[in-house]
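Me: I would like to go through this structure by question and answer. Please show it first.

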Amino acid sequence: MGTRDVGSLERTARRLRLHIVHMMGVGQKGHLGGSCSMAEVVTALYFSKMRHDPANPTWEGRDRFLLSKGHAALVQYAALAESGYFPSELLPTTKALGSLLQGHPDMKLTPGVEANTGSLGQGLSIACGMAAGLRLDGRANRVYCIVGDGEMAEGQIWEAAMAASFYKLDNLVGILDRNGLMATGPIIDRFDTNPVAEKWRAFGWEVLEVDGHSFPAILEALDRVDGMTGKPKMIIARTVKGCGISFAEGVAAFHNGVLDAEQYERARGELGEGKR
Amino acid sequence: MRKQNPREVYGRTLVELGREDTRIVVLEADLSKSTMSCYFEQAYPDRYFEMGIAEANMTSFAAGLSLVGKIPFTNSFATFAAGRAYDQIRQGICIPGLNVKIVGSSSGLSDFGDGSTHQAVEDAAIMRSIPNMTVLVPCDGIETRKMTRAMARYHGPVYMRLNRDDMPDLFPEEEEYVIGKPYLIRQGSDGVVFANGIMVSKAVEAAEALSALGVSTRVVDVSTLKPVDEGALRELAEGMSGMVTAEEHTLIGGLGSVVADVFKGSGIPLRCMGINDRFGQSARSYAELLAEYGLTAGHIESDVLEVIGRRGS
C-alpha cells in the first residue's frame, strides 16, 4: 500500500504528466488529452490503492489494472516507469519501431501491462473474466478497469456490464473517465452516451461520482467501494481532457494531437519542469 | 460403420477434461443444448459461464479468465464464434497469444434448415488468417475427442470447427493425435485426396467406388489447417499422379488454398473442391445441400479421375 499524502500524490501526478509530454515529444501524434485526464486516478491507483510489486510484475497477490481505453497508454507507461517496472529512460522510445512501449498496451512487451486493450469496448469484458476467475480461486485480488465516456458507445461495454452484475463481480471496480469529449468533439453534440450514472445503475452496478482530479475524493471513493458487496462498482470520475496543460484542456484536437516546439516547452513549463 | 455425433463427443470430452483439470472453464452463448456444453454445466456448474447471447463479451471474458490461469473453451455456432467475435479473438487473444479455445459448432452447411445466416462457410479462412491462431477441423467423433484433449494440452489460441451431423468413425482409434499432423485414412497409389471434416468420409466413399474402376486412391485427413506440416503433405503426395482437395468451406482461404500453396510449382495436377464463393441457404436435409454445392463422393470421384488423367477411360 502506498501513500495517503495528498501533496506527495499531487507531485507524482505532475511527474506523470511531464512524462506524458516527454513521450509526446515535438511534432508526433499522441493521445495527450485522455492520458492527462486520468493522471490523478492512475496515480491514486498505482501509488496509493493497488497492491502490486514492480519488482515482481506477475506476483499472484497483485490487484489488476486494465486500461480499456487503451489509447491512454501514455499515462499508464508513465505510472509504470515511476513505479519502477522499467527505467523511465525507456519512455521516449514510445511508439518507436521495436520499442517495448507500443501505441496501445501490449502485455507481451511491457512489464506491468495485464492485457492487450485498445480495440474499444473489450477491456472491460477482459476485466470481468479476470474478476470471475480470481473469485473462482477464492482470491481477494481486485480488478480495476478504466473506461472512457466515448467508449460507452461500444455495445460490448453493456454486454460486459450485464455479465458483471449477473455474476455479482464485486471484486471489479470500473472507473469512467468522464471527460465529455470523444475524438471528434463534445459527446453531447457528437454521440451522446449520457445519462451515464443512470445507465450503470440500471445495469446493476453500484455507482459513485467524484471529481476525477481531487485525490481526497478519488481515494475516498476507492476505499468506499471496497465495502460494497454483491455488485460491480463504477466510479464516475468527472475530468477535464488534457487537464494540467492549459492550452489542451477541453480541446478535442488533443485527443490524438501534436505538440509543436513552442507548445512542448510551454507544457513543460506549466508542469514545472526543473522545479521538482 | 459406427457413427458418432461430434458435438456429443465434444460435450462429453469437456466433462472428462473438467474432471482431470480444474483450470478448465466453459463459456456459452445460449446454445448449450446444441453445442453440448450442457454436459459440462451439469457436471461443473461453478466453472460454467452462461454469457447470454453476447459472443463478443463471451470471447473477451474468456481472455480474462485465461489471464488468471484458466483454460477457457468458448462455444457458439461457428459463424458467430469466428465471425461475430472476430475482433475480440484478434485483439485480446491472438495478439498476446492467450490460451483460449474457441469452438465453432454447426459449421459448414450442417445446420441445413437455418440457412445462410447460420451456416459458416468462411470461418476457417478468417481464423487461419490471424497470426498465432491454430485451426482444427476433425473428421469424426474419434478425432474430435482426441483433438479436444490436445487443445486443452496445447498452450495458445485454437479454433476448432465442428460439424452438427453424425459422422462415421474413420480416424484410427489407436493413433495418437498430434496438432499439425495430417493422417492417412486410406492407402492408395494413383491419386490422393486431401480432405477435412465431413469431406473425409465422402473421400473414403469415392475411393471405394474408384477401386471398382481399378483406381487406387489415398485419403488424407488434413485436420490441422494451421500450422501446416508442409513436409508431411509432400511425403503423402509422393508418387501420386494427381491431387484433389475436398472441404465443406469456401475455396477462398481454406484447405484448397493451403494445399495449392504447398504444391505450387510441383507439377502435380490439382483440383480443389469446395464451396465456390457462395453463401449457404436453407434446405430440408443436409444431404440435399451437400449435393447442391457439389460436395459429394461422386464429385470427388470424378475429380480424381480428372487429375490422374483417367477421365473417360
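Me: How far apart do the C-alpha centres of domain 1 of chain B and domain 2 of chain B lie?

Reply: Domain bounds here come from an automatic or database domain assignment. For chain B that assignment gives domain 1 (3-168) and domain 2 (183-307). The C-alpha centres of domain 1 of chain B and domain 2 of chain B are separated by 25 Å.

Me: On what conventions do these values rest?

Reply: Residues are numbered from 1 along each chain as its sequence is written, and chains are lettered from A and ligands numbered from 1 in the order in which they are written. This is a predicted model, in which local features need pLDDT of at least 70, side-chain atom pairs count only at pLDDT 80 or more, and totals for chains, interfaces and linings use all residues.

Me: Which elements of chain B give two or more residues to the side of domain 1 that touches domain 2?

Reply: Two residues are in contact if their C-beta atoms, placed from the backbone, lie within 7 Å. On that basis 29 residues of domain 1 of chain B meet 28 residues of domain 2 of chain B. Helices (H or I, at least four residues) and strands (E, at least two) are DSSP runs, numbered from the N terminus. The elements of chain B asked for are α7 (123-128), β6 (134-136), α8 (141-153) and β8 (167-168).

Me: Which element gives the most to the side of chain B that touches chain A?

Reply: The contact takes 22 residues from chain A and 23 residues from chain B. In chain B, α4 (55-67) and α6 (86-94) each supply at least two residues of that side. The element that gives the most, with 9 residues, is α4(B).

Me: Why is chain B described as being as compact as a globular protein of its length?

Reply: The secondary structure of chain B comes to 13 helices and 14 strands. The radius of gyration is taken over C-alpha atoms, and the globule rule is 2.2 Å times the number of residues to the power 0.38. For 313 residues the rule gives 20 Å, and chain B is close to this, so it is as compact as a globular protein of that length, with a radius of gyration of 19 Å.

Me: What percentage of the 276 residues of chain A count as buried?

Reply: A residue is buried if 20 or more other C-beta atoms lie within 10 Å of its own, exposed if 12 or fewer, and partly exposed in between, with C-beta atoms placed from the backbone. Of the 276 residues of chain A, the buried share is 55%.
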